[in-house]
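Biologist: Thanks for sitting down with me over this one. Could you walk me through its packing and side-chain pairings?

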Amino acid sequence: MPVPRSRHLCSMAAALALTVTAPVTATAATTSPDAPTALREVMFVGNNWDGTADVIRSTGDFARIGRISVIPDRKERMAEINADPIRWIYFQAIRNSVGEGHDQFVDDMYSTPDGKAVVVSRPSFADVVSIDLATGRLNWRFPVSGHRADHMAVSPDGTRVAVSASTSNTVHVLDIDTGRQLGSFGTGAKPHENIFTKDGKYIWNMSIGEVNTALDAPWLDWTKGDRRITVVDATTFRQVKVIDMRERLDAAGLGDHSDAVRPAVFSPDESKLYFQVSFFNGFFEYDLATDRITRTKTLPKNPATSEDRTTWVNDSRHHGLSMSPDGAKICVAGTMDDYATVVDRTTLEEGPLVTAAKPYWATVSGDGTQCVVSESGADQVTAIDFATGEKTVSVPVGDHPQRVRLGHVTAGWTGPSAD
């Protein structure tokens with residue numbers, strides 16, 4: 001069986017642009033009601049604890065152009081939770097574990113190809129919703145199986161969205177316009193990251209296992225559950241391949257490292273996978289053709305970071321990877337070490353360590369020249385030049401930004417209209 005082709009994360013949201021026809025003039029829009037609406041490329045920043053998403057420019061000064069609430073139905077959802085003892089217990093558990101004492105209102109988000117809606121996964125509400133960007137109201141809602149929604153991925157053509165249901169070991173695949181489930185598949189313990197292949201034929205899911213226990217010593221890593229990469233056919237949702245990184249790590253003499261694959265990024269030719277794992281300050285290179293780990297990059301530790309692994313948020317030491325479009329540079333969010341850095345992919349030499357407060361994600365700017373990291377500890381996003389490795393700008397956003405995704409809004413959009 002051939003190894004499925006993959007793609008790097010930062011290209012997924014950008015791929016939405018492939019489905020959008022060229023903007024039309026105002027005159028053409030007037031004479032042709034069916035003509036496509038002119039679009040503007042932006043970045044969506046999910047403010048997890050706020051329950052908002054900031055929409056910022058995708059290049060240049062990255063200034064904010066608008067903000068939306070991702071929980072316009074909060075009262076209704078809370079009434080349902082308070083009326084159901086089981087749901088209430090899980091809601092509180094999310095708040096007091098992965099939420100660090102806060103509710104998790106937005107994990108991931110992608111805009112629709114027409115720029116009229118944004119689809120959001122909401123961990124605390126265990127659902128996925130589509131929000132109309134013009135009105136701020138819900139278009140549809142899909143409750144996931146189990147009790148928590150997590151990372152998502154959008155297909156290259158922008159028509160499907162895959163979402164991890166953490167507590168049911170399931171990935172749901174939905175029609176992005178209607179919210180109708182097209183299919184689902186089983187995963188390892190606690191599904192996390194999802195990636196569509198470039199041709200849209202396969203979905204890769206990384207399961208991270210249990211990240212909320214205090215059993216964090218290397219010799220207790222086996223207690224974290226069945227962690228693996230599950231690859232499925234994106235049409236039939238049948239499993240075509242399973243990759244157990246425990247076997248590959250052991251074969252490379254890396255037995256003390258966790259096999260919980262966290263953020264990952266594929267090389268432009270999709271021959272290499274670069275991935276972070278729990279507890280590790282660095283990343284690995286995995287060659288798809290030879291099915292083995294070929295290189296390890298260990299990044300500097302911050303002397304101020306505690307070596308008590310139980311203090312690291314959700315078992316993450318570093319959490320966030322992106323790659324420049326030419327594949328020459330890898331940007332790393334050194335979460336618990338409070339920095340971000342750009343690494344040369346050929347030499348694996350890191351550039352300047354750019355101070356950042358608990359950076360939680362890394363993506364690529366619209367023009368491909370900069371890495372954009374979310375500083376969840378400082379409530380801002382910071383851009384770093386891929387060429388120099390130096391910080392260019394920081395922009396304030398909402399409370400605890402996490403996922404940052406490229407997307408689109410209609411031209412002239414500045415936020416939902418007031419009721």
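This is a predicted model: local features need pLDDT of at least 70, side-chain atom pairs count only at pLDDT 80 or more; totals for chains, interfaces and linings use all residues.

Biologist: Which residues have the most contacts inside the largest nonpolar core?

Modeller: Let's begin with where that core comes from: the elements giving it two or more residues are β1, β2, β3, α3, β5 and β6. Val-118 touches Phe-44, Met-109 and Val-129, among others. The core has 22 residues, and those with the most contacts inside it are Phe-44, Val-70, Val-118, Val-120 and Val-409.

Biologist: Nice. How many residues are in the second, separate core?

Modeller: Met-206, Ala-264, Leu-273 and Leu-288 are included in it. The size of this second core is 20 residues.

Biologist: Is the disulfide of Cys-331 and Cys-371 left-handed or right-handed?

Modeller: The sulfur atoms of Cys-331 and Cys-371 are 2.1 Å apart, within the 2.5 Å cut-off for a disulfide. Cys-331 lies in β21 and Cys-371 in β25, so the bond ties together parts 40 residues apart in sequence. Both cysteines are buried. The torsion about the S-S bond is about -70°, so the disulfide is left-handed.

Biologist: Last one: which ring does the charged end of Arg-403 sit over?

Modeller: Arg-309 has its charged end over the ring of Phe-279, 3.9 Å from the centre. For Arg-403, the distance to the ring centre is 4.6 Å, and the ring belongs to Trp-361.

Conventions
Residues are numbered from 1 along each chain as its sequence is written. Side-chain values use heavy atoms; hydrogens and water are left out. A nonpolar core is a set of buried Ala, Val, Leu, Ile, Met, Phe, Trp, Tyr and Cys residues joined through side-chain atoms within 4.5 Å. Buried means under 20% relative accessible area, exposed over 50%, partly exposed in between (1.4 Å probe, protein chains only). Helices (H or I, at least four residues) and strands (E, at least two) are DSSP runs, numbered from the N terminus. Contact means heavy atoms within 4.5 Å. A charge sits over a ring if NZ of Lys or CZ of Arg is within 6 Å of the ring centre and within 35 degrees of the ring normal. Lists of a residue's contacts leave out its neighbours within four places in sequence.
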